[in-house]
Protein chains: 2
Amino acid sequence: MGIHINLKMKKVPRWKEAEFEEIEYEPTSIKEILIEMKNICELIVDLAYSAILFNSKEIAEEVRYLEVRMDKLNYQIRINAMLAARTKEDAEKIAGVLQIAEAAETISNAAGDMVQLLSYKLTHPILPNLIKESGEVIKKMSIGENSSAIGKSIGELKISSETGVRILAIRRKDGWIYGPRGDVKLRRGDVIICIGPEEGIENFRRLLKGEIEVLE
Amino acid sequence: MGIHINLKMKKVPRWKEAEFEEIEYEPTSIKEILIEMKNICELIVDLAYSAILFNSKEIAEEVRYLEVRMDKLNYQIRINAMLAARTKEDAEKIAGVLQIAEAAETISNAAGDMVQLLSYKLTHPILPNLIKESGEVIKKMSIGENSSAIGKSIGELKISSETGVRILAIRRKDGWIYGPRGDVKLRRGDVIICIGPEEGIENFRRLLKGEIEVLE
């Protein structure tokens with residue numbers, strides 16, 4: 001199951017539906033903050049490279065969102081850490097946690113540095129030919145109003161086995177589902193960031209746009 | 001198709017086989033170095049967190065290997081960059097490339113900082129309960145002498161669809177295959193780093209050890 005994060009820090013769940021098992025929360029414990037930091041770290045590196053490789057300001061924007069979110073989380077974890085330490089053993093453990101948090105922020109800042117290149121007035125793409133080598137592409141796609149994928153789970157759609165495409169994250173209203181598992185159902189309005197071979201991505205895009213009923 | 005990298009920088013292919021399409025090379029161009037840096041970046045963040053989560057010095061070691069490799073690549077890319085720039089436009093482009101390389105090294109250093117925690121004399125795991133939340137585990141497993149998986153491709157074995165397990169990297173002799181695609185065949189001696197739900201990993205482990213013939 002993916003982990004839901006509400007970017008705008010609202011208390012009220014905004015997309016909660018009874019049948020939907022996802023947990024939505026504002027991270028409050030050190031553990032929860034660390035989990036979100038880990039998810040951001042893994043996602044932001046993928047996205048930063050994608051932004052650069054595809055010269056995509058759109059994906060660079062997502063990187064910046066995540067970078068800001070990471071800053072907030074690092075602040076929050078420091079506060080929580082100071083409040084949590086009672087004994088010397090606690091403090092030692094928590095010092096380790098803060099070191100991890102620091103490293104996570106360093107990673108997200110470095111990802112932010114990468115995409116900053118895209119805001120320079122470079123007219124040429126920086127790495128125009130890299131993608132051919134990697135064979136994979138990353139795309140941000142939204143689900144069409146009439147897509148047959150709406151309401152179906154990722155597993156049910158056989159996205160991975162039919163297309164080789166892997167969904168990195170789903171942006172749903174103000175939040176994210178990082179690395180969604182097979183039981184996550186797609187919804188109207190979802191924005192999907194996925195990686196895979198070019199033909200597979202195109203196939204998946206057609207499903208999302210309602211051009212085909214099932215993956216071929 | 002995954003990208004093969006020879007860690008020990010040998011010129012002679014050591015695991016080349018006629019039927020095996022993988023390209024093995026020593027990166028010589030800026031493009032090739034960048035691709036390897038990108039692969040390391042994505043892998044090292046996953047591995048650093050895994051090392052921490054599972055208190056695994058074994059995986060921490062892989063992180064350190066990759067960190068050292070990244071240092072070498074960053075040195076190499078600077079040399080190549082200086083030799084490559086002929087015009088002002090070249091130089092601008094290459095300055096961008098060096099910024100990406102710098103950020104990549106920062107990321108790998110941060111990953112190295114994370115796992116350094118494991119070399120302290122901490123007797124308690126740092127993040128003992130995080131894994132329960134994420135639901136996934138990362139494991140490093142070697143393929144058994146009698147495994148029926150030897151010589152079969154990842155796609156053929158249906159690893160992803162049967163177990164939900166994704167192979168992050170295969171360590172083969174002195175090199176790595178990062179993010180192997182479905183057509184990569186497993187070989188005797190392979191060390192496989194994979195992520196997935198606990199039961200799926202256990203299922204895959206049994207296949208690799210030769211305890212079962214096919215994934216159930």
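**View 1. B:Gly151 is exposed, with 12 other C-beta atoms within 10 Å.** To find B:Gly151, look in the loop of chain B between strand S3 (136–142) and helix H5 (159–163). Helices (H or I, at least four residues) and strands (E, at least two) are DSSP runs, numbered from the N terminus. B:Cys194 is 43 residues from B:Gly151 along the chain, and 18 Å separate their C-alpha atoms.

A note on reading these views: this is a predicted model, in which local features need pLDDT of at least 70 and side-chain atom pairs count only at pLDDT 80 or more, while totals for chains, interfaces and linings use all residues. Residues are numbered from 1 along each chain as its sequence is written, and chains are lettered from A and ligands numbered from 1 in the order in which they are written.

**View 2. Chain A has six helices and six strands.** Along the sequence they follow the pattern β-β-α-α-α-α-β-α-β-β-β-α. Of the 216 residues of chain A, 44% count as buried.

**View 3. Domain 1 (24–119) and domain 2 (135–208) divide chain A.** These bounds come from an automatic or database domain assignment. Taken over C-alpha atoms, the centres of the two domains are 24 Å apart. Eight residues of domain 1 are in contact with eight residues of domain 2; contact here means C-beta atoms, placed from the backbone, within 7 Å. On the domain 1 side, helix H1 (30–53) and helix H2 (57–84) are the elements that give two or more residues. H1(A) gives the most to that side, with four residues.

**View 4. H2(A) packs with helix H3 (residues 88–116) of chain A at an angle of about 165°.** Their axes are 9 Å apart; axes are lines fitted to C-alpha atoms over the stretch in contact, and angles run from 0 to 180 degrees between N-to-C directions. How are H2(A) and H3(A) oriented to each other? They are roughly antiparallel, a term for angles over 145 degrees. Residues making the contact include A:Leu66 and A:Met70 of H2(A) and A:Leu98 and A:Ala101 of H3(A). By class, the contact has 14 nonpolar, four polar and six charged residues. Ala, Val, Leu, Ile, Met, Phe, Trp, Tyr, Cys and Pro count as nonpolar, Asp, Glu, Lys and Arg as charged, and the others, Gly among them, as polar.

Key
A residue is buried if 20 or more other C-beta atoms lie within 10 Å of its own, exposed if 12 or fewer, and partly exposed in between; C-beta atoms are placed from the backbone. Two residues are in contact if their C-beta atoms, placed from the backbone, lie within 7 Å. Angles under 35 degrees count as roughly parallel, over 145 as roughly antiparallel, 65 to 115 as roughly perpendicular and the rest as oblique.
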